[in-house]
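This report is written for someone meeting the structure for the first time. It should be read alongside the sequence and the coordinates shown here.

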Amino acid sequence: MSLREKASGACLCGAVRFTASLPSLFCAHCHCSMCRRNHGAGYVTWFAVPPAQLVVESGAEQLARYESSVHGRRSFCRLCGSSLFCESTRYPDRVDIALGAMNEPIDREPQLHTYFDSRASWITLEDDLPRLGGKTGFEPLPETKPEEGG
Ligand SMILES: [Zn+2]
Ligand SMILES: [Zn+2]
């Protein structure tokens, strides 16, 4: 088994280019309302690495930062608006990177859904990944079970 050691990514216009060294810490679909609004998407798929494993190769001067909460900071390309990174002072040992910005696969598939209780009403899912939520976004949710059989 040959594990991928690095994966590169870029914003839409290509000004910001970066490399993430692997292994990653996790990969998750986030259904929180801030991610949804920030990306204009139904939910956002992130993977996380320790901050030292993320290197901005070019365009660092085009990275704008937005404090989306008292603890969170989101980085995007000021030329094309692509949202790329999310950091939180609550989790200083990781930086989240938008999986959709990557040029190639990383070392894992998405593993779970976070903030699932904040999901958009028009989202339907066809996977059986764990669906977590609550205050931290990573807590087990009460079983809702729409139509499960067997
Ligand atoms: Zn850009
Ligand atoms: Zn989110």
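The text below goes through the cysteines and the zinc site, the strands, the aromatic pairs and some backbone details.

This is a predicted model, in which local features need pLDDT of at least 70 and side-chain atom pairs count only at pLDDT 80 or more, while totals for chains, interfaces and linings use all residues. Residues are numbered from 1 along each chain as its sequence is written, chains are lettered from A and ligands numbered from 1 in the order in which they are written, and side-chain values use heavy atoms, with hydrogens and water left out.

**Cysteines and zinc**

In general, a disulfide is a covalent bond between the sulfur atoms of two cysteines. Here the term is applied to a pair of cysteine sulfur atoms within 2.5 Å. By that rule the number of disulfides is zero.

Which residues coordinate the zinc ion (ligand 2)? The SG atoms of C30, C32 and C35 do so, at 2.1 to 2.3 Å. Donors are N, O and S atoms within 2.8 Å of the metal (3.2 Å for Na, K and Ca); water is not among the atoms, so sites may look incomplete. Along the chain, the donors of the zinc ion (ligand 2) follow the spacing C-x1-C-x2-C.

For accessibility, buried means under 20% relative accessible area, exposed means over 50%, and partly exposed lies in between (1.4 Å probe, protein chains only). C30 and C35 are both buried, and the relative accessible area of C30 is 7%. Another cysteine, C13, is partly exposed at 42%.

Helices (H or I, at least four residues) and strands (E, at least two) are DSSP runs, numbered from the N terminus. Two strands pair if DSSP finds at least two bridges between them. In general, strands of a sheet pair through backbone hydrogen bonds, either parallel or antiparallel.

One open sheet has three strands in the order β1-β2-β5, with antiparallel pairing. Strands β1 (6-10) and β5 (54-58) stand at its edges; each has a single partner strand, so one side of each is left without a neighbour in the sheet. On average, neighbouring strands of this sheet are turned by 25 degrees against each other, direction ignored. The axes behind such angles are lines fitted to C-alpha atoms, for helices over the stretch in contact, and angles run from 0 to 180 degrees between N-to-C directions. Strand β2 (residues 17-21) is joined to β5 by four bridges, and the two run antiparallel. A20 stands opposite L54 in β5.

Is strand β4 (residues 44-49) largely enclosed or left open? Six of its six residues are buried, so β4 is largely enclosed by the rest of the structure. In general, side chains in a regular strand alternate between the two faces of the sheet. V44, W46 and A48 are buried on one side of β4, and T45, F47 and V49 are buried on the other, so that both faces are covered.

Five bridges join β3 to β4 in an antiparallel arrangement, and F47 in β4 is the bridge partner of C27. Strand β9 (residues 95-98) is also antiparallel to β4, with four bridges between them. W46 stands opposite A98 in β9.

**Aromatic pairs and a charge over a ring**

Rings of Phe, Tyr and Trp (its six-membered ring) pair if their centres lie within 6.5 Å; planes under 30 degrees apart count as stacked, over 60 as edge-to-face and the rest as tilted. Two aromatic pairs are found in the whole structure.

| Pair | Centre to centre | Angle between planes | Type |
|---|---|---|---|
| F18 and F85 | 5.0 Å | 80 degrees | edge-to-face |
| F26 and F138 | 5.8 Å | 80 degrees | edge-to-face |

F18 lies in strand β2 and F85 in strand β8 (residues 83-88), so their pair ties together parts that are 67 residues apart in sequence. F18 is buried at 1% relative accessible area, and F85 is buried at 4%.

The pair of F26 and F138 has its rings edge-to-face. This pair links F26 in strand β3 (residues 26-30) with F138 in the loop between β11 (132-133) and β12 (139-140), 112 residues apart. F26 is buried at 18% relative accessibility, whereas F138 is partly exposed at 33%.

A charge sits over a ring if NZ of Lys or CZ of Arg is within 6 Å of the ring centre and within 35 degrees of the ring normal. The charged end of R94 sits over the ring of Y91, 4.4 Å from its centre.

**Backbone details**

L22 and P23 are joined by a cis peptide bond, with omega about 10 degrees. P23 lies in the loop between β2 and β3.

Y115, in the loop between β10 (112-114) and β11, has a positive phi near 50 degrees and is a residue other than glycine. Y115 is partly exposed, at 23% relative accessibility.
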